[in-house]
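The entries follow in the order I made them.

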Amino acid sequence: MGSFLSSFFGGASYSASEDPSSSSESSRVSTFHSAPRWQLHFNSVKETPKLMVIDFSASWCGPCKFMEPALNDMAARFTDVEFVKLDVDELPDVAQEFGVQAMPTFVLLKNGKEVDRVVGAQKNELEKKVDKHKC
């Protein structure tokens, strides 16, 4: 039953996103499970003008699970934008560094600096802001 619920609420696509060889749409969303790996990645992209959307979420968060299919869809459509998913329970220091106080929180970055933010499960608002800043 747990695996059924997990796949129903997007657990399977979350697992697939961890596998870079996966051909599913969700593989466009990168996940990081350790602060050093995240920092290494962040340092490698923070000097680029490419938009990065960071989804701060938690595995137990209902609104976060609600947003997961929308995030995967946006990642498939906005191929010129990088999408990253970070679990606040796994990386609390990173969440604190970005001032995350509610989940989900989506932080939009360019050149390593925040250009916008969406707090809550606001799919349409997130999509508007991604479209606005992707150029």
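**Entry 1: F98 and the cores**

I began with F98, which is in contact with W38, F42, I54, F56, V107, L109 and R117, leaving aside its neighbours within four places in sequence. I took contact to mean heavy atoms within 4.5 Å. The model is a predicted one, in which local features need pLDDT of at least 70 and side-chain atom pairs count only at pLDDT 80 or more, while totals for chains, interfaces and linings use all residues. Residues are numbered from 1 along each chain as its sequence is written, and side-chain values use heavy atoms, with hydrogens and water left out.

Next I looked up the largest nonpolar core, which has 20 residues. Such a core is a set of buried Ala, Val, Leu, Ile, Met, Phe, Trp, Tyr and Cys residues joined through side-chain atoms within 4.5 Å. Buried stands for under 20% relative accessible area, exposed for over 50%, and partly exposed for what falls in between, with a 1.4 Å probe and protein chains only. W38, I54, F56, L86 and F98 have the most contacts inside this core. Helix 3, strand 2, strand 3, helix 5 and strand 4 each give two or more residues to the core. Another core lies apart from it and has 16 residues, including L108, V118, L126 and V130. I noted the general rule beside this: in soluble globular proteins, nonpolar side chains tend to be buried together.

**Entry 2: Overall layout**

I counted elements as DSSP runs numbered from the N terminus, with helices being H or I of at least four residues and strands E of at least two. The protein has 6 helices and 5 strands. From the N terminus on, their order is α-α-β-α-β-α-β-α-β-β-α. Of the 135 residues in the protein, 44% are buried. I also looked at contacts between residues at least 6 apart in sequence, and 68% of them join residues at least 24 apart.

**Entry 3: Helix 3**

Which residues of helix 3 are buried? In this helix, residues 35–45, I found W38, H41, F42 and V45 buried. Seen down the axis of helix 3, the buried residues fall within an arc of 100°, so they line one face of the helix. The arc is taken from the directions from the helix axis to the C-beta atoms. P36, L40 and S44, on the other side of helix 3, are exposed.

The buried residues of helix 3 pack against strand 1 (29–32), strand 2 (52–57), strand 3 (82–87), helix 5 (92–97) and strand 4 (105–110). At the start of helix 3, I found a side-chain oxygen of S34 within 3.3 Å of the backbone nitrogen of R37.

**Entry 4: Aromatic pairs**

I found 4 aromatic pairs in the structure. Rings of Phe, Tyr and Trp (its six-membered ring) pair if their centres lie within 6.5 Å, and planes under 30 degrees apart count as stacked, over 60 as edge-to-face and the rest as tilted. The F32 and W38 rings have centres 5.7 Å apart and planes at 65°, so I logged the pair as edge-to-face. F32 is buried at a relative accessible area of 9%, and W38 is buried at 1%. Ring pairs link F32, W38, F42, F56 and F98 into a cluster.

**Entry 5: V81**

I looked up V81 in the loop between helix 4 (62–77) and strand 3. V81 has 0% relative accessibility and therefore counts as buried. Not counting residues up to four places away in sequence, V81 touches R28, K50, L51, V53, V130 and K134. From V81 to D131 I have 50 residues in sequence and 9.5 Å in space, C-alpha to C-alpha.

**Entry 6: Disulfide**

How many disulfides does a search of the whole structure find? The search gave 1 disulfide, with a disulfide taken as a pair of cysteine sulfur atoms within 2.5 Å. C61 and C64 form it, and their sulfur atoms are 2.4 Å apart. The torsion about the S-S bond of C61 and C64 is about 75°, so the disulfide is right-handed. C61 is buried at a relative accessible area of 4%, and C64 is buried at 3%.

**Entry 7: Backbone exceptions**

Most residues other than glycine have a negative phi, and most peptide bonds are trans. I found the peptide bond from M103 to P104 to be cis, with omega near -5°. P104 is in the loop between helix 5 and strand 4. N111 is not glycine, and its phi is positive, near 55°. N111 lies in the loop between strand 4 and strand 5 (113–119). At 40% relative accessibility, N111 counts as partly exposed.

Definitions and conventions: Polar contact = N/O pair within 3.5 Å; in protein donor to acceptor, adjacent residues only side chain to side chain.
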